[in-house]
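Please look over the sequence and the coordinates before reading on.

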Amino acid sequence: MLNTPVGKILRRMAIPAIVGLFFNTMFNVTDTFYTRFISPDALAGLGFSFPIYLILIALGVGLGNAAQALSANALGSGDRRRGAALGLAALSLTVLVIILVMAAGLPLLTPIVRLMGALGTALIESVQYSSVILYGLLFFALNAVFNGILSSRGDTKSYRNFLIIGFFANLAFDPVFILVFNMGTAGIALATVLVQLVGTIYLGRKVRQLKLREQTGSIDRRETMSSWRELLSHAVPVSLNVMTVALGVFVINFFLTRYGADAAVAGYNAAIRVEQVFLLPIMGLNTAVVTLVGHNNGAGRLDRVQAGWATGQKYGLFIMLIGFVILFPFRSFWVGLFSPEEAIIRAGSGYLSVEVFAMFSYVFLNMGVSTLQGLRKPGFIFIIGLSRQIVLPPVVFYLLGDIAGLGVWGVWWGLFIIPTLSAAVTALYTRRKIRSAIALQQQAA
């Protein structure tokens, strides 16, 4: 992490992560595909469930990211005991937090889905799916933290292996629960929970092999509480950012149902499944950049922090250029894989015709966010997330959709304008933070 060329480190970590994320996305694609065997409203129901799913897993994602970034900093500074203690604290904190979330979440599911505008069959399918996911939430969260602990040590292959196994398991489970047992979207959710349980067993064994307890020795309650506070200070902004994504989907669904009814929601849901495939390399680079920056920040190697940020952006832009060439000309075909309905294909391909240009901005946005996480400066992540997901969309969608009269296309163009502005602000802020850290280091020397 501290001496190997930056590009080589990023490739070594990112490629296994990308492969794993590809199979994870295919996992989601499989779920979306099987909705056509349930009912015409099942795809819309899954779309309404997506923001709820993000809210439910947000704390697990935040704690996993905190375990990765903070452990990487500790390991980079040479403090292996602290790195291990943070990993153990993240696991115990996760169990406590998720139990509280599960207890509070069940009575709120139906009112939240109704608030998004879901009605009839779409409402039923969405609540059924979300309820099963909630019961299995602990497995999702533990897997995120296990992955964070392993990734902080440069191991992205274990999580890749789980995601590959999970894809094939889900490929077998979905038709059984949907076609044989006729469980609808609840069957899709049950298949997902069972796969996550398998992951918890497999990844738990991998983390156990690290022998974290042996590295830490005795840990008193005061040290545990201190670790919990440190983890939460990092996890909360990241989790809130994930929640803003979920709330942003609420906003999008609200305007889409206002302008184009359930067909627009279903088309958007199908299109983002396609989009996720082409954004996978950026997600893989995220994992690599957080760990690389964390280790080198802990070791005081800020020159490599800057190089990691810049190299991640170069790799990301090149990959997005390839994705643009593959996605843009065939966007209707990709959306059509999920639904034969002409209205859904039209809506989804309309979104992609604009969104392909925004994908380049996601490179700068994600590389900046990952670098800030590695630098242990996650506060800005929530601010930019709140702005681009909650504050700006209602204003921009209303101006374009209502005032300019663009309707659904006002939403699509808004989803291009907002990420582009956010990416520019994030890139400038990240550069300033890196330069400020370098200047302080030089003054201290």
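Is Asp-303 buried, partly exposed or exposed, given its relative accessible area? With a relative accessible area of 47%, Asp-303 is partly exposed, and this value, like the others in this report, refers to a predicted model.

## The pair Arg-301 and Asp-303

Asp-303 takes part in a salt bridge with Arg-301, in which the closest N and O atoms lie 3.4 Å apart. Arg-301 has a relative accessible area of 30%, which places this residue in the partly exposed class, and the class of Asp-303 is likewise partly exposed, at 47%. The salt bridge count for the model comes to five, and the pair Arg-301 and Asp-303 is one of the salt bridges found.

## A network around Glu-230

Salt bridges also link Arg-82, Glu-230 and Arg-376 in a network. Between Arg-82 and Glu-230 the closest N and O atoms are 2.6 Å apart; because Arg-82 belongs to helix H3 (residues 80–105) and Glu-230 to helix H10, this pair ties together parts that are 148 residues apart in sequence. Arg-82 counts as buried, since its relative accessibility is 18% and the buried class covers values under 20%.

The side chain of Glu-230 also meets that of Arg-376 in a salt bridge, with an N to O distance of 2.7 Å. Here Glu-230 lies in helix H10 whereas Arg-376 lies in the loop between H13 and H14, so the contact ties together parts that are 146 residues apart in sequence. Arg-376 counts as partly exposed, at 40% relative accessibility, whereas Arg-82 counts as buried.

## Positive phi angles in two loops

What is the phi of Arg-376, a residue other than glycine? The angle is near 65°, a positive value, and the residue sits in the loop that runs between helix H13 (342–374) and helix H14 (379–403).

The place of Lys-211 is the loop between helix H8 (185–208) and helix H9 (212–216). At 51% relative accessibility Lys-211 counts as exposed, because the exposed class begins over 50%.

## A nonpolar surface patch

Phe-33, Phe-37, Val-176, Leu-179, Val-180, Phe-181 and Met-183 together make a nonpolar surface patch of about 630 Å². Helix H7 (residues 157–180) supplies the largest share of this patch, namely three residues, and Leu-179, a member of the patch, is found in helix H7.

Phe-37, another member of the patch, is found in the loop between helix H1 (6–34) and H2, and it counts as partly exposed at 43% relative accessibility. Although Phe-37 and Leu-179 are 142 residues apart along the chain, their C-alpha atoms are separated by 7.6 Å.

## The second largest cavity

How many cavities of 30 Å³ or more does the count give? The count comes to two, and the second largest cavity holds about 30 Å³ of space. The elements that give two or more residues to the lining of this second largest cavity are helix H2 (42–76) and helix H10 (221–298), with H10 giving the most, six residues.

The lining of the second largest cavity consists of Gly-47, Phe-50, Val-249, Asn-253, Val-265, Tyr-268, Asn-269 and Ile-272. Sorted by class, this lining has five nonpolar and three polar residues, and no charged residues. Helix H10, which gives the most to the lining, is also the helix in which Glu-230 lies.

## Leu-46 in helix H2

Leu-46 has its place in helix H2, one of the elements that give two or more residues to the lining of the second largest cavity. Leu-46 counts as buried because its relative accessibility is 4%.

Note on methods:
Residues numbered from 1 in each chain as written. Predicted model: local features only at pLDDT ≥ 70, side-chain atom pairs only at ≥ 80, totals over all residues. Heavy atoms only, no water. 1 Å grid on protein atoms, 1.4 Å probe; cavity = no way out; pocket = protein on both sides within 12 Å on 5 of 7 lines; lining within 4 Å. Points joined across faces, edges and corners; volume = space filled by probe spheres on them. Helix = DSSP H or I, 4+ residues; strand = E, 2+ residues; numbered from the N terminus. Nonpolar A, V, L, I, M, F, W, Y, C, P; charged D, E, K, R; others polar. Patch = residues over 30% accessible without salt bridge, like charges linked within 9 Å, V, L, I, M, F, W, Y side chains within 5 Å. Areas by Shrake-Rupley, 256 points an atom, 1.4 Å probe, with all protein chains shown as cover. Salt bridge = Lys/Arg side-chain N within 4 Å of Asp/Glu carboxyl O. Buried < 20%, exposed > 50% of the residue type's maximum accessible area, 1.4 Å probe, protein only.
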